Amino acid sequence: MYTILVVDDSPFIVDVFVTMLERGGYRTVAAYGGEECLEILKTVTPDLILLDIMMEPMDGWETLEKIKENPATKEIPVLMLTAKQLTPTEAQEYGIFIEDYVLKPITHRELYDAIEHVLNRRQTIRSDMDRARQSGFDPELVNEYSQLSKSIDVNKRLMKILETTYNFNDSKVRVSDDISRALKSMDTNIRFQEARLQQIKGDLAGKVS
């Protein structure tokens with residue numbers, strides 16, 4: 001049974017998601033704000049953190065940064081669960097730290113699917129890394145493979161959110177130049193990462209053969 005830490009400064013919202021998660025078979029821990037979240041993480045290591053952004057006095061982004069700055073908690077996957085629309089700046093600045101970004105309101109099935117996607121991706125990458133290490137591959141290459149595999153998946157999901165938010169693919173909608181440039185920059189970065197990942201896969205395959 002996976003343990004999920006739910007973080008929101010609204011007790012009502014926390015209770016709603018705790019109920020949803022427990023119905024789905026997850027074990028839950030509740031934190032009613034960023035500071036309480038950090039305190040709980042001193043003694044509890046959840047399998048995943050559901051973190052809201054619009055909190056006071058410590059918002060979700062600041063909480064996220066503190067989680068990732070701490071060597072003891074930086075590897076815990078964080079899924080942003082919020083009513084706040086994602087901006088290109090946030091996607092570029094925080095995309096490296098998060099596993100997914102899910103907008104409220106959300107159905108039970110959408111929430112479960114998002115959580116399982118994160119946990120399954122994490123397990124798949126770990127299994128790939130273990131096999132590569134056991135085969136004697138360069139540890140740095142294996143780590144880069146892991147980072148790229150996660151980053152590409154996360155950034156593609158963030159891109160879909162941004163394209164929907166700003167109607168980027170609708171020719172009738174005028175998108176500001178700043179937002180357009182940011183989205184194109186993200187797309188270029190994803191393509192660069194995909195090319196590098198394919199190169200690494202080729203190197204690993206070559207060593208196997």
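I began at Pro-105, which sits in the loop between strand E5 (100-103) and H5; helices (H or I, at least four residues) and strands (E, at least two) are DSSP runs, numbered from the N terminus. The peptide bond from Lys-104 to Pro-105 is cis, with omega near 0 degrees. I then noted a cis peptide bond from Glu-56 to Pro-57, with omega near -5 degrees, and placed Pro-57 in the loop between strand E3 (48-51) and helix H3 (60-69).

Before going further I wrote down the conditions. The model is predicted, so local features need pLDDT of at least 70 and side-chain atom pairs count only at pLDDT 80 or more, while totals for chains, interfaces and linings use all residues. Residues are numbered from 1 along each chain as its sequence is written, and side-chain values use heavy atoms, with hydrogens and water left out.

Next I looked up the pockets. On a 1 Å grid over the protein atoms alone, a pocket is an open set of points where a 1.4 Å probe fits, with protein on both sides within 12 Å along at least five of seven lines, and lining residues have an atom within 4 Å of a point. Grid points are joined across faces, edges and corners, and a volume is the space filled by probe spheres set on the points. The largest pocket holds about 830 Å³; 30 residues line it, and those closest to its centre are Ile-96, Glu-99, Ser-146, Gln-147 and Lys-150. Helices H4 (88-94), H5 (108-134), H6 (139-165) and H7 (177-208) each give two or more residues to this lining.

I followed Ser-146, which is in helix H6 and counts as buried (under 20% relative accessible area; exposed is over 50%, partly exposed in between, with a 1.4 Å probe and protein chains only) because its relative accessibility is 16%. Leaving aside neighbours within four places in sequence, Ser-146 is in contact with Ile-125 and Met-129, contact being heavy atoms within 4.5 Å.

Trp-61 and Tyr-94 are stacked, because their centres are 4.1 Å apart and their planes at 5 degrees. Trp-61 and Tyr-101 are also stacked, at 6.4 Å centre to centre and 25 degrees between the planes.

Definitions and conventions. Rings of Phe, Tyr and Trp (its six-membered ring) pair if their centres lie within 6.5 Å; planes under 30 degrees apart count as stacked, over 60 as edge-to-face and the rest as tilted.
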